[in-house]
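Hi everyone, thanks for coming.

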Amino acid sequence: MTDATLPGATAATADFEARTYKKVFMRIVPFLMLLYVIAYLDRVNVGFAKLQMSGDLGFSETVFGLGAGLFFIGYFLFEVPSNILLHKLGARVWIARIMVTWGLVSAAFWFVETPVQFYVLRFLLGLAEAGFYPGIILYITYWFPSHRRARIIAVFMAAIPISGIFGNPLSGWIMDAFNGVAGHQGWQWMFVIEAIPAVLLGAVVYFYLDDRISDAKWLTSDEKALLQREIAADQKGKVQEASLGSVFRDARIWGMAFIYFCIVMGQYGLTFWLPTLVKGAGIQGNLMIGAVSAIPFLCAVVVMILCGRSADRMRERRWHLIIPALIASAGFVVSATTGSPLIGIIALSAAAAGVLTCSPLFWSLPTAFISGAAAASGIAIINSVGNLAGFVSPYAIGALRDATQSTAAGMYMLAGSLALGALAIYLTPAKLVNR
């Protein structure tokens, strides 16, 4: 009689598997979340800086929108090579490099005086951070199989609303408390203070992360064997080894990039302009604006984790994306049409919950049919092309605000983008992604 047929063997195996994945989760995911909280805060804190920066430096809405968006041009140009280098050099070396360089560039915003300087530093910040997010997604595929990944990525990406929950009030407080200290503006102090954790944690990454399962000294040999078997079984039937050219020619990759572009339009339209929208609703004081801006993110963190668990439990991906996308679309429309501050905040909360839920659940689609080296380049292509929406969205909203003296047209644009993305998800074959 083999171990597999002994009474209670199945239950014991299931318990061992559950304990092993919990151990991996607790070691990796909270730390990755912390890194992404810092990354996202340094990426979008320019939205809070705008509350003082535009007046101090005489920047128009269009100038701010263009500068905010130029981050994603630099991000786009270096995204694919950065992710390929991460796959070859290892996560701990490359993610450490990314964090230290983006922290230094973010701190350099202290010296901005002209639109050109603002544009250059936003572009360089994108270059520095390129590869971080898709690199983390790729790193998660090294440890967790497809049927566990939606929940893991959803928990990891709860860092976005957590960044908003804590980062928005923090940014507002720094700008108020440090304004005029040593003769400098609050927004200058905000950039420097919020850049310091990126540099410090970059050094920690090198010593804390393991590049692969076999390097993990905190796992037993049986635990390593289980994880390696699960990953090997998960990779069967997926595209693993492929040239960069063949990945570029894969129509499925470009379909995924289009869907992600539509989602990112809504995501960054919300995160860059939320402080301005809240201020426009009549909220006064940077700290109070930050506190009210945290409300939509509080809603989002709950919804995205619940949807991630449901998607893994049901092994269904498309409708878990379509429904949040349509809710977000409706939220943007209502926020643009209501004259009530209360209804406006409720609508923005629905938009935040919907669009931020779409972001993590989306990655269960492409990682369901690619892995290994193909995933390194495929994920980077999807993320870099999709994140061009991070350039289009804030710039277009800024230009529309200058042209119409209203945020309504920009909100309608975001709503339409998310509805179009929902349609593209619906047209994706279920058998390709439901794993």
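Let's begin with helix α3, residues 61-89, and helix α12, residues 251-280: their axes come within 12 Å and cross at roughly 130°. That angle is why α3 counts as oblique to α12. The crossing of these two, α3 and α12, is right-handed. Keep in mind that this is a predicted model.

Who makes the contact? On the α3 side you'll find Glu61, Phe64, Ala68 and Phe72, and on the α12 side Tyr268, Phe272 and Trp273. By class, the contact of α3 with α12 has 6 nonpolar residues, no polar ones and 1 charged.

Now stay with α12 and turn to another partner, helix α15, residues 341-362. The axes of α12 and α15 come within 10 Å and cross at roughly 145°. Here the crossing of α12 with α15 is left-handed. From α12, the contact includes Met256, Ile259, Tyr260 and Ile263, as well as Leu270 and Leu274. Among the α15 residues in that contact are Ile345, Leu348, Val355 and Phe362. The contact of α12 with α15 divides into 15 nonpolar, 3 polar and no charged residues.

One last stop, a single residue. Leu41 sits in helix α1, residues 9-44. Is Leu41 buried or exposed? Its relative accessibility is 9%, so Leu41 counts as buried. Leaving out residues up to four places away in sequence, Leu41 touches Ser163, Gly167, Ser171 and Glu194. Phe144, by contrast, is 27 Å from Leu41, C-alpha to C-alpha, and 103 residues away in sequence.

Methods:
Residues are numbered from 1 along each chain as its sequence is written. This is a predicted model: local features need pLDDT of at least 70, side-chain atom pairs count only at pLDDT 80 or more; totals for chains, interfaces and linings use all residues. Side-chain values use heavy atoms; hydrogens and water are left out. Axes are lines fitted to C-alpha atoms, for helices over the stretch in contact, and angles run from 0 to 180 degrees between N-to-C directions. Helices (H or I, at least four residues) and strands (E, at least two) are DSSP runs, numbered from the N terminus. Angles under 35 degrees count as roughly parallel, over 145 as roughly antiparallel, 65 to 115 as roughly perpendicular and the rest as oblique. A crossing is left-handed if the near helix is turned anticlockwise from the far one by less than a right angle, and right-handed if clockwise. Contact means heavy atoms within 4.5 Å. Ala, Val, Leu, Ile, Met, Phe, Trp, Tyr, Cys and Pro count as nonpolar, Asp, Glu, Lys and Arg as charged, and the others, Gly among them, as polar. Buried means under 20% relative accessible area, exposed over 50%, partly exposed in between (1.4 Å probe, protein chains only).
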